[in-house]
Amino acid sequence: MFNFNPQTQKKLARFRKIKLGYYSFIVLSVMLALLAIAELLVNSRALVVQYEGTLYFPTYTDFHPGTDFGLDYAYETNYRDLAAQFDKTASSNWVIMPLVPYNAYENDATDSIMRPEAPNAARQHYLGTDTTSRDILARLVYGTRTALLFAFAFMVSVYLIGIMIGCAMGYFGGLFDLGFQRIIEIWSNIPFLYMVIIVFSVIPAEASIPARITLLLLVMVLFSWTSMTYYMRTETYKEKSRDYVAAARIIGASTQRIIFTHILPNVLSTLVTFMPFTIVSAIAAITALDFLGFGLPVPTPSLGELLKQGTANLRTAPWIVTAAFGTLVLILSLVTFIGEAIRESFDPKQFTLYR
Amino acid sequence: MTINRFALTLITVILMGCGSDQDATEALPSIDNTAEVLAFYETHADFFRSGSIDDLPQDLVWEDGAHLPEVGSPDAKKGGTEYVRLADFPRTLRTVGPDSNGSFRPWILDSTSMALAHRHPDTLDYFPGLALRWAVDADSKSVFVELDPKATWSDGVPITADDYRFTFWFFRTRYITAPWYNNWYESQYTGITKYSDHLISISIPELKPDTDSKVLELRPLPQHFYKEVGEDFLERYQWRFAPTTAAYILKDEDLKKGRSVRLTRDPNWWAADKKHWRYRFNIDNIHLMVIRDTAKVFEAFKRGDIDQFGLNLAEFWYEKLPATDPDVAAGYIERKWFFNERPRPPYGLWINTHQPLLDDQNIRLGIQHATNWQLVIDQFFRGDYSRLNTANDGYGPYSHPDIKARAFDIERAVAYFETAGFNQRGPDGILQRADGTRLAFTLSSGYEALKDVLTILKEEAAKAGLEFRVEVLDATAGWKKVQEKQHDIHFSAFGYSLELYPRFWETFHSDNAYDKAFLDTGEINPDRKPKPQTNNLETLAIQQMDDWIIQYRTESSAAAMVTLAHQMSELHHDYASFVPGFYSGFFRLGHWRWIRYPEHFSYKHASGSQEYFVHWVDEAIKTETLAAKDSGVTFPVQLRIFDQHRKTP
């Protein structure tokens with residue numbers, strides 16, 4: 001599929017040799033794959049319903065009112081109850097529920113009292129429930145997915161802008177470089193957290209949740225792209241003065257061609273090493289914002305919100321904070337391990353202290 | 001309103017950059033309004049009258065409330081320091097004007113300062129404060145009051161009739177930027193007569209079942225302090241603590257901006273030995289610390305950094321501080337549960353009828369049936385709370401006896417929504433109109449601690465095809481939002497003071513809904529704009545309601561007022577712009593052992609245990625308890641339930 005040059009192949013081979021990083025990468029990949037299909041694993045909607053000879057797959061479709069399955073209500077079917085009812089009546093109908101049959105929003109109080117409940121495999125609350133009897137695992141899974149998606153989107157955007165501007169600065173130099181450097185200096189001195197809080201507080205309440213998340217992303221990107229330009233600028237400067245660039249110029253290659261096909265691949269290795277750490281900081285940032293109450297709107301599941309609940313109920317419901325904190329540690333460590341491994345394997349110097 | 005949060009943050013940022021506000025105040029030009037005030041008295045000579053003692057009606061029946069039982073306990077010890085949590089730092093020390101009506105004001109005004117007389121929290125009769133005795137004269141619609149000549153301000157200046165006259169000038173000026181006060185003092189009083197330095201009478205337009213309360217609950221203002229009131233009042237008095245009649249004073253150095261406020265018991269307080277007052281305000285220093293986060297407050301309480309903690313929420317009573325808690329089981333922390341009887345704060349959803357869709361009564365009726373308060377009460381509050389039925393529950397005969405809040409009923413809700421054109425469910429189960437308009441509203445609140453209530457309502461409403469977009473703001477921003485009338489639906493409540501009958505003008509009169517709700521022809525004004533800074537959170541403007549409110553204001557017979565109150569409650573219920581939520585018929589408290597209360601703990605009509613300042617700090621017990629905590633000595637468990645005033649539903 002990919003046709004890497006020998007240099008890159010060598011780097012990849014080295015990456016594979018760094019076991020911690022490599023296995024972290026595999027674990028994270030599997031996690032990402034699972035998160036991508038989270039609706040099939042953690043959901044209050046059934047995977048398959050067989051009702052009166054027809055098969056239904058409600059997971060990704062429009063909602064099915066209870067009336068679709070012979071129930072007497074027009075709102076979303078409660079598939080857990082449906083399953084129980086089918087079992088009782090011993091009909092030919094059946095339901096297959098996901099592994100965790102709860103969504104991230106519903107209150108499922110055992111004895112009609114909403115309170116945090118300890119992990120209980122029999123009720124399929126594998127990590128327990130939060131203060132209003134919502135399944136913690138469900139909230140974790142969907143919260144993590146949002147955080148990761150957010151982090152990746154953040155990274156891609158920041159790099160796109162950073163690379164573009166950084167390369168241009170380094171390549172064109174002169175007044176353009178000088179001017180932009182000053183702009184960046186001013187821009188990067190605007191306190192990022194305040195700006196996020198201020199901008200986020202003026203979003204109209206009518207905005208939908210995805211719109212709010214996108215906006216939050218935009219604001220964060222707007223104030224985070226600057227650091228990337230420094231690296232890109234110096235790297236481009238360095239590469240620009242190399243002979244192969246001069247050669248390309250003499251042949252008559254266009255600026256565009258020189259930047260994209262000659263310089264960029266050569267500075268990429270620097271970039272790649274930064275990526276995991278950008279992701280780490282993005283996850284930390286969104287979690288922190290949530291914790292402070294400036295992140296995702298209530299009741300969107302999020303790691304920060306769970307952490308907050310957990311710290312508020314440290315004495316009475318330690319499982320909340322354990323779950324949230326554990327997840328955060330796991331993800332951040334995995335990404336950091338991968339990052340260190342990439343840095344190591346892309347490092348041209350063979351002898352480093354890290355191993 | 002989000003713009004305001006923006007402004008607020010900005011202001012905070014700017015303020016942080018400022019040095020000392022004190023300098024700013026000093027830099028203002030000096031003002032003396034004495035002449036202006038006198039001129040005002042002259043031009044309003046029919047209001048500001050003077051008379052001679054000989055003019056007094058002969059048949060006055062003087063009352064002095066002396067027979068009423070003491071408030072507080074003779075066992076109370078003076079001294080000590082109480083540590084209290086403050087949810088937000090006060091944004092001003094003014095007691096009127098923008099931003100003044102916050103959670104801090106009770107500490108320097110509502111709960112601590114003295115009025116002419118106060119309702120006894122058990123009997124509702126008046127016991128004397130600044131007044132020595134008083135008499136109601138029905139003929140002249142006046143209340144005659146003899147002032148206690150011993151009364152002084154905290155700076156030692158005697159309180160005289162002139163301070164009362166000045167109070168009327170003050171609350172009627174536009175300088176204070178407080179339209180509610182302007183209106184109240186212009187419309188609810190018709191004159192004040194000074195007979196001598198310590199004898200006044202105050203007249204009101206109509207006799208009421210509680211005529212005396214209108215006058216007796218007045219609190220004077222120190223004229224000598226407010227002689228600089230002028231155009232720049234808000235700025236000039238922003239951080240100045242006014243001489244007070246209260247037991248507690250605030251020294252400049254005890255105001256740590258953004259962090260804490262310390263109140264000190266005035267050693268020269270004039271009422272220190274007065275009956276009904278001598279066993280109250282026992283604690284020498286009240287140290288108020290800003291702790292915003294409720295979870296943190298609880299931790300601070302458990303550490304003993306804060307002395308008392310309200311346990312009204314089931315989460316705290318049953319989970320976080322149950323009988324099995326080590327500190328409770330060892331008797332270090334005592335728990336109390338007191339059932340009271342008083343006007344209930346109307347917790348519920350205030351629907352802004354000015355917003356599109358919400359002006360449709362069918363939608364409002366649908367929302368009524370789509371909110372599952374019973375589930376919140378049963379599962380979230382564990383059945384301790386009860387369902388509120390109207391916005392004015394707990395006023396005895398004035399509350400409507402029969403109106404029942406609409407129950408959660410998906411079918412009826414859907415039927416109402418269908419009438420309003422929302423007849424199909426979208427892909428996510430939320431109702432839609434044929435043109436794709438979704439049945440979705442923002443449900444905002446400033447109650448961070450009750451945010452779970454909103455998410456439960458949201459989940460349940462979705463069953464009826466209604467979407468609530470939950471927006472939880474901090475307390476100040478939330479209140480600002482409704483005051484600007486920018487909300488769709490807001491979850492909130494009013495703190496009702498102890499009154500005989502409910503007020504309707506504030507919440508239901510069209511004057512408080514729009515700048516000009518109706519044209520002179522009686523038709524709806526097409527260009528009307530919602531009026532900010534009023535308590536008409538529903539932007540409710542019904543002419544019939546206005547008429548009844550005016551009648552209610554002028555009515556003097558209790559029976560007729562009851563009828564009117566019922567009619568208005570019915571109309572309000574039919575209009576369906578308020579979804580009654582819940583009320584708690586009690587308050588619960590956890591406190592460290594060294595905080596002592598009278599044997600009967602609290603009063604029938606009290607809203608909270610700290611309201612009357614009858615508790616005290618016992619330093620000896622504090623030392624003993626802290627030592628016991630270290631050495632592991634325990635005390636008997638203290639859980640007391642006071643249910644003599646409990647109403648079984």
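# A guided tour of chains A and B

Contact here means heavy atoms within 4.5 Å.

Before you click further, a word on what you are looking at. This is a predicted model, in which local features need pLDDT of at least 70 and side-chain atom pairs count only at pLDDT 80 or more, while totals for chains, interfaces and linings use all residues. Residues are numbered from 1 along each chain as its sequence is written, chains are lettered from A and ligands numbered from 1 in the order in which they are written, and side-chain values use heavy atoms, with hydrogens and water left out.

**Stop 1: all of chain A**

Select chain A and show its C-alpha trace, which spans about 85 × 45 × 40 Å along its principal axes. Switch to a cartoon and you will find 13 helices and three strands. Helices (H or I, at least four residues) and strands (E, at least two) are DSSP runs, numbered from the N terminus. Of the 355 residues in chain A, 49% are buried. Buried means under 20% relative accessible area, exposed means over 50%, and partly exposed lies in between, with a 1.4 Å probe and protein chains only.

Now colour chain A by domain: domain 1 takes in 6-37 + 138-346, and domain 2 is 44-97. These bounds come from an automatic or database domain assignment. Taken over C-alpha atoms, the centres of domain 1 and domain 2 of chain A are 42 Å apart.

**Stop 2: Leu328(A)**

Zoom in on helix H13 (residues 318-346) of chain A and pick Leu328(A). Is Leu328(A) buried or exposed? Its relative accessibility is 13%, so Leu328(A) counts as buried. Leaving out residues up to four places away in sequence, show what Leu328(A) touches: Ile283(A), Thr287(A), Leu303(A) and Leu307(A). Then select Leu140(A), which is 188 residues away from Leu328(A) along the chain, yet their C-alpha atoms are separated by 9.8 Å.

**Stop 3: where the chains meet**

Bring chain B into view. Here 30 residues of chain A are in contact with 37 residues of chain B. The area buried between the two chains is about 3100 Å², and carbon and sulfur atoms give 59% of this. Buried area is the accessible area (1.4 Å probe) that two parts lose on being put together, summed over both. Highlight Tyr75(A), Met114(A) and Val298(A): they supply 19% of the area that chain A buries against chain B, more than any other three residues.

**Stop 4: helix H5 of chain B**

Select residues 161-172 of chain B, which form helix H5. How many of the 12 residues of H5(B) are buried? The count is 11, so the helix is mostly covered. Among the buried ones are Tyr164(B), Phe166(B), Phe168(B), Trp169(B), Phe170(B) and Phe171(B).

**Stop 5: a sheet around strand S13 of chain B**

Next, find the open sheet of four strands in chain B with the order S12-S23-S13-S26 and mixed pairing. Two strands pair if DSSP finds at least two bridges between them. Strand S12 (308-310) and strand S26 (639-642) stand at the edges with a single partner strand each, so one side of each has no neighbour in the sheet.

Select S13(B), residues 333-339. Seven of its seven residues are buried, so S13(B) is largely enclosed by the rest of the structure. Ile333(B), Arg335(B), Trp337(B) and Phe339(B) are on one side of S13(B), with Glu334(B), Lys336(B) and Phe338(B) on the other.

Which strand does S13(B) pair with in the antiparallel sense? That is strand S23 (residues 586-592) of chain B, over seven bridges. Look for Trp337(B) with its bridge partner Arg588(B), and for Arg335(B) opposite Gly590(B). With S26(B), S13(B) pairs in the parallel sense over four bridges, and Lys336(B) has Arg640(B) as its bridge partner there.

**Stop 6: a second sheet in chain B**

Finish at another open sheet of four strands, with the order S2-S11-S10-S9 and mixed pairing. Its edge strands are strand S2 (81-86) and strand S9 (248-256), and each pairs on one side only. S9(B) pairs with strand S10 (residues 260-265) in the antiparallel sense over five bridges. Select Lys256(B) and its bridge partner in S10(B), Ser260(B).

Technical notes. Expected span 1.5 Å × (residues − 1).
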